[in-house]
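Student: Could we take a close look at one single part of this protein? I'd like to go through it slowly.

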Amino acid sequence: MNYQIRPQSTDFKLGIAELSQLETWLNDNPAAIGIAVVGRSNVGKSSIINALFGKSVARVSKTPGRTREVNIFTFNLNQNGKLSDLPPFFLIDLPGYGHAEVSKEMSRKWNDLIGTFFELISPGILLANLQDARHPNQAVDQQFYDFLNNYTNSSILIFNKIDKLKTQKERAQLEKLKPILSKAYKSIRQMYFASAETKQGLPQVESALIAHLLEQVEIQKHERENL
């Protein structure tokens, strides 16, 4: 069956800045299926979200680290060009990490929010981690994956801004990094080279996201049938 993310179907539900509110939402949605997007500040996270889900879903800011809340949306899939009969899925835009200008208090709140998020989030949520193809696997990225190793959710790694790599040598170095990261970080399921600007690699990313969503629908259906 031919599924696609339904253009402009994304609907903003709420922004969460307080730990108690996040705990309530997570406990109220124990079987949520969807995608959570996270990355170091200034890697083009909002641009990738908008390229995949429709224009102006996420606010693109010139100020790194602007997203300070857990922003929750829903979206639909098309099947063969028409709205599918599947229920809406969740798109969760997580605050960026590693921004130097964020205060210690804000950094502590980020740690509390994200720690609670991964502790309580449904296994049906796939993490999409964005890194800048020109500056991959920074220290803060390594710290984030070390943190993720404590949890069970799968992730995909998207190297954004691949169009900014101008030489074959730069691309070859990025290719060599992939098996190293796969070995080091058990949560990574797949890796992709992409560009929000040129749309390079986005069809492959979209296919991976949809494959996860459909897989989780089948898993939950099987679990209900075997209760």
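Which residues does N129 touch, not counting residues up to four places away in sequence?

Tutor: Happy to zoom in. First, a word on the ground rules: this is a predicted model, where local features need pLDDT of at least 70, side-chain atom pairs count only at pLDDT 80 or more, and totals for chains, interfaces and linings use all residues. Residues are numbered from 1 along each chain as its sequence is written, and side-chain values use heavy atoms, with hydrogens and water left out.

Now, your residue. N129 sits in strand β8, which covers residues 125–132 (strands are DSSP runs of E, at least two residues, numbered from the N terminus). N129 counts as buried because its relative accessibility is 0%; buried means under 20% relative accessible area, with a 1.4 Å probe and protein chains only.

As for neighbours, N129 touches V38, G39, Y97, F144, Y145, I156, L157 and I158, where a contact means heavy atoms within 4.5 Å. Take G39: it is 90 residues away from N129 along the chain, yet their C-alpha atoms are separated by 5.4 Å.

Zooming out, buried residues make up 49% of the 227 residues in the protein chain.

Note on methods. Buried < 20%, exposed > 50% of the residue type's maximum accessible area, 1.4 Å probe, protein only. Helix = DSSP H or I, 4+ residues; strand = E, 2+ residues; numbered from the N terminus.
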